[in-house]
Amino acid sequence: MARNLATYSEADVKMRPNKRGSRPRTKQRPAHSDAATGQVLAVDRGRFDVLVDEVRVRAMKARELGRKGIVVGDQVSLVGDVSGDPDALARIVRREARETLLRRTADDTDPVERVLVANVSRMLIVTAAADPEPRPRLIDRCLVAAWEAGIEPVLVITKADLADPAELLAQYAALDVPTVVVARAGEDPHVGLAAVHELVADRWTVLVGHSGVGKSTLVNELVPGAGRAVGGVNDTTGRGRHTSTSAVALELPDGGWVVDTPGIRSFGLAHVDPEALVGLFPDLAPGTEECPRGCPHEGVDDCGLDGWVAAGNAGPGGAQRLDSLRRLLRARGGEDPGS
């Protein structure tokens, strides 16, 4: 006889215990000792192109990595399908220790770091002699970021057929920074390009510069068939138009990789300790030996940097570099954010 559902109670419910018992949750993760290793070439909306034994593998980040970021240049370990087939998808389960890490922030007080690239040994700071006009203070910031990261910087001046780069070169003459001039008026353009080829051979190199300076044009010369989009300069603002939207590593024909990055309009250094900033200006740092204890180096009467620069010890560009340093110090203190 059917029983009215309203007459059922909790006592009528019989629980069947699991014969195997419940397995406690564990924080232990698989060791993935059989994982393949590779290097990240590109990042696109949560998918990663990774070079594994000369094969380009598509991968995603495993959940166990949490919020740990993966960027171009990272050495990673992968499991799953690493065949490189069009429909294959591997998982990145581990990010290996980084040898170098190039970082920047939106401004000098922003606590959020933007990682540009990992594990590169050289940075080409690309600037144009004209169209758009060079921005020495941005160059200084890139130099500081490179030295702080343990990356060797090189200054590459493009469009030298439009303006004489002598004045810009003089500002950095006192620094031990290699410089290359490309497309100098009356000179075979392959002369400068040959020097750049030599600098990037058999290593990982990142190109950094603001929009319109010719980074993508330079990449297309270094990597035939790369097809990086090339943009012009806005006639109204004098600034370059963004063409690269994300960092990507491209293989050089004779060995090595270059990483093309989107054009930058600011290079915040909030991640750099303010007390270390002066030491990252090697042409100015010796002048602090004459400073009083606790000198802020921001233009006080007895700051030793003024006498050091006035004596010509920092080279022809010493005054401009000192101004750049002091702007950085003020910006790190929350002042002069537009420097």
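Trainee: In which element is Ala331 placed, and what makes that a helix?
Mentor: Ala331 belongs to helix α7; a helix is a DSSP run of H or I with at least four residues, a strand a run of E with at least two, and both are numbered from the N terminus. This is a predicted model, in which local features need pLDDT of at least 70, side-chain atom pairs count only at pLDDT 80 or more, and totals for chains, interfaces and linings use all residues. Residues are numbered from 1 along each chain as its sequence is written, and side-chain values use heavy atoms, with hydrogens and water left out.

Trainee: Why is Ala331 called buried?
Mentor: Its relative accessible area is 3%, and buried means under 20%, with over 50% exposed and partly exposed in between (1.4 Å probe, protein chains only). Ala331 is therefore buried. Ser324, also found in helix α7, has a relative accessible area of 3%, so Ser324 is buried too.

Trainee: What does Ser324 touch?
Mentor: Leaving out residues up to four places away in sequence, Ser324 touches Arg137 and Asp140, where a contact means heavy atoms within 4.5 Å. Both partners are in α1, and among the other α1 residues that meet α7 are Leu143 and Val144. On the α7 side, the residues include Arg327, Leu328 and Ala331.

Trainee: What makes α1 and α7 roughly perpendicular?
Mentor: The axes of α1 (residues 136-149) and α7 (residues 318-332) come within 10 Å and cross at roughly 70°. Axes are lines fitted to C-alpha atoms, for helices over the stretch in contact, and angles run from 0 to 180 degrees between N-to-C directions. Under 35 degrees is roughly parallel, over 145 roughly antiparallel, 65 to 115 roughly perpendicular, and the rest oblique. The two helices are therefore roughly perpendicular to each other.

Trainee: How do you know that β13 pairs with β11 and β12?
Mentor: Two strands pair if DSSP finds at least two bridges between them. 4 bridges join β11 (residues 204-208) to β13, and these strands run parallel; 4 bridges also join β12 (residues 248-251) to β13, and these run antiparallel. Val258 in β13 is the bridge partner of Thr205, while Val259 in β13 is that of Ala249.

Trainee: Which way do the side chains of β13 point?
Mentor: Trp257 and Val259 point one way, Val258 and Asp260 the other way, and all are buried.

Trainee: Why is Glu54 called exposed, and what is its phi?
Mentor: Its relative accessible area is 66%, so Glu54 counts as exposed. Glu54 is in the loop between β2 (47-52) and β3 (55-61) and has a positive phi of about 70°, although it is not a glycine. Most residues other than glycine have a negative phi, and most peptide bonds are trans. Asp202 has a positive phi as well, near 60°, and counts as exposed at 61% relative accessibility. As for peptide bonds, the one joining Asp131 and Pro132 is cis, with omega about 5°.
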